[in-house]
Amino acid sequence: MALTNCPSCNKKISDKAKSCPHCGFAAGAASEDDILRKQRFNKFKKAQSIQTQSMVAMLMFIAGFAILYWGDGPSTEFACKLSFNLVNNSSPICLWHGQLQYNIAMSCSVIGFVWYVVNRIRLIFMKKFD
């Protein structure tokens, strides 16, 4: 009794098993065309998942810049604990609000960009080695 990979879920099953105990694929009754079709479908699903993640990463990157450029400037509230008087203007300005917005926007953009690049590299490797 040898162990082989299930064509559907790639988990180890017995070569004498009629169906996979993990996913239920009828490996014993499946023809070569059925197995090839199932493997292509799994590869297609994996590529679609990576492309969907790439789109979400791109939207995250764009949202970071939207937060950065379409947000408010620094708040001029007097109740702010981190307010300082600027040289050019004598009114106190709250630096915490603007800095937090900037940090969120840049973090969102950087994470989105890195996530997008990683997903594109995953797609290249998937197409090259599968």
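Predicted model: local features only at pLDDT ≥ 70, side-chain atom pairs only at ≥ 80, totals over all residues.
Phe-61 first. At 29% relative accessibility, Phe-61 is partly exposed; that class runs between buried, under 20% relative accessible area, and exposed, over 50%, with a 1.4 Å probe and protein chains only. Phe-65 is partly exposed too, at 32%.

Residues are numbered from 1 along each chain as its sequence is written, and side-chain values use heavy atoms, with hydrogens and water left out.

Now the rings. Rings of Phe, Tyr and Trp (its six-membered ring) pair if their centres lie within 6.5 Å; planes under 30 degrees apart are stacked, over 60 edge-to-face, the rest tilted. The count comes to four aromatic pairs. Take Phe-61 and Phe-65: the centres are 5.2 Å apart and the planes stand at 80°, so this pair is edge-to-face. Both sit in helix α1 (residues 32-70), four residues apart, which is about one helical turn. Helices here are DSSP runs of H or I, at least four residues; strands are runs of E, at least two; numbering starts from the N terminus.

Phe-61 has another partner. With Phe-113 the pair is tilted, 6.0 Å centre to centre and 45° between the planes. Phe-61 lies in helix α1 and Phe-113 in helix α2, so the pair ties together parts 52 residues apart in sequence. Phe-113 is partly exposed, at 47%. Ring pairs link Phe-61, Phe-65, Tyr-69 and Phe-113 into a cluster.

Phe-113 also belongs to a nonpolar surface patch. Other members include Val-110, Ile-121, Phe-125 and Phe-129, and the patch has about 740 Å² of accessible area together. Patch residues have over 30% relative accessible area and no salt bridge, with nonpolar side chains (Val, Leu, Ile, Met, Phe, Trp, Tyr) joined within 5 Å. A salt bridge means a Lys or Arg side-chain nitrogen within 4 Å of an Asp or Glu carboxyl oxygen. Phe-125 is in helix α2 (residues 95-129) and is partly exposed, at 48%.

For Cys-20, the nearest is that of Cys-23, 3.7 Å away. Cys-9 is partly exposed at 26%; Cys-20 is buried at 3%.

Last, the record. UniProt, in an unreviewed entry, places "domain: UPF0547" at residues 5-26. That stretch is 0% helix and 18% strand, with end C-alpha atoms 13 Å apart.

Key
UniProt positions renumbered as here; feature names shortened; annotations may be inferred. Patch = residues over 30% accessible without salt bridge, like charges linked within 9 Å, V, L, I, M, F, W, Y side chains within 5 Å. Areas by Shrake-Rupley, 256 points an atom, 1.4 Å probe, with all protein chains shown as cover. Disulfide = S-S within 2.5 Å.
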